[in-house]
Amino acid sequence: MAEFTPVTHVIFDLDGLLIDSETIYKKSLDLLLEKYGKVYTDEVRLKVMGTKEQDTVRILVEELKLPVDVEEFNKEYMNCIVPTLSDVELKPGAEKLVHHFHKNGVPLAMATSSGIESCEIKLKRFSELKSCFHHIVMGSSDKEVVNGKPAPDIFFLAAKRFPDNPSPNKCLVFEDSYNGVLAARAAGMQVVMVPEALVSEEKRKKATIVYESLEDFVPEIFGLPSYEK
């Protein structure tokens, strides 16, 4: 059995992990790319999942060879995506796990590649959940996040903004994307992965541990408070 190091702080990703936004992104991008005669393939999805909005747009333009510049496509992308985000739902187990940690005094942060505008829309209906987090780092609009995932910048910053500035090995990250897992590992943090089905077994091996759902997570293996029986 793998060995896990006890942690004191927890950092959550948002998209695809706490909320089911990846489904919305896929539907919107399928429609947007259809007018260019392009398909949003699983291969491209894996490359953009977890990245900053600016990087997502650049990757889409380059990988799909879209006949439009990045700035123009960014406007189309945001106009297409943002209005649909208010319909997002929480992923199974998200609310229970976040409230459990908060109730038991575990310091929580969120490290999302989303920007302020889209993040506020996604979390508007979940104000109680949002209030459980000490802070939220939004990679697409935070100037201190120089490099997006898979670079570790956002996780270093999320840890630094806790009042006690814990060392990376005291932070546990929850992620769904391969880029996010690589970023957490590069930051020297353990990472729980709850991946989409399209993520290969090889990519899953980069995580400390993999679960099919947040509902399956066992807090005590990382020295965190266990659920009440």
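Me: Buried means under 20% relative accessible area, exposed over 50% and partly exposed in between, with a 1.4 Å probe and protein chains only. With that settled, what covers the faces of β2?

Reply: This is a predicted model, where local features need pLDDT of at least 70, side-chain atom pairs count only at pLDDT 80 or more, and totals for chains, interfaces and linings use all residues. Residues are numbered from 1 along each chain as its sequence is written, and side-chain values use heavy atoms, leaving out hydrogens and water. As for β2, Leu108, Met110 and Thr112 are buried on one side, and Ala109 and Ala111 are buried on the other.

Me: Why is Lys65 called exposed?

Reply: Exposed is the word because Lys65 has a relative accessible area of 65%, and the cut-off is over 50%. Lys65 is in the loop between α3 (53-63) and α4 (70-81). Its phi is near 50°, a positive value in a residue other than glycine.

Me: Then why is Asn165 called partly exposed?

Reply: Asn165 comes out at 47% relative accessible area, so it gets the label partly exposed. Asn165 also has a positive phi, about 45°, though it is not a glycine. You'll find it in the loop between α8 and β4 (171-175).

Me: Which residues does the cis peptide bond join?

Reply: Lys149 and Pro150, with omega about 20°. Pro150 belongs to the loop between β3 and α8 (153-160).

Me: Which residues of helix α9 are buried?

Reply: In α9 (residues 178-186) they are Asn179, Gly180, Val181, Ala183 and Ala184. Those buried residues pack against α2 (42-48), α8, β4 and β5 (190-193), where contact means heavy atoms within 4.5 Å. Just past α9, Gly188 has a positive phi of about 80°.

Me: How do you know that the radius of gyration agrees with a compact globule?

Reply: The rule is 2.2 Å times the number of residues to the power 0.38, with the radius taken over C-alpha atoms. For 229 residues a compact globule would be near 17 Å, and the protein chain has 17 Å, so the two agree. Along its principal axes the C-alpha trace spans about 55 × 35 × 35 Å.

Me: What else describes the whole chain?

Reply: The protein chain has 10 helices and 6 strands. Buried residues are 54% of its 229 residues. Of the contacts with a separation of 6 or more, 67% come from residues 24 or more positions apart.

Key. Helices (H or I, at least four residues) and strands (E, at least two) are DSSP runs, numbered from the N terminus.
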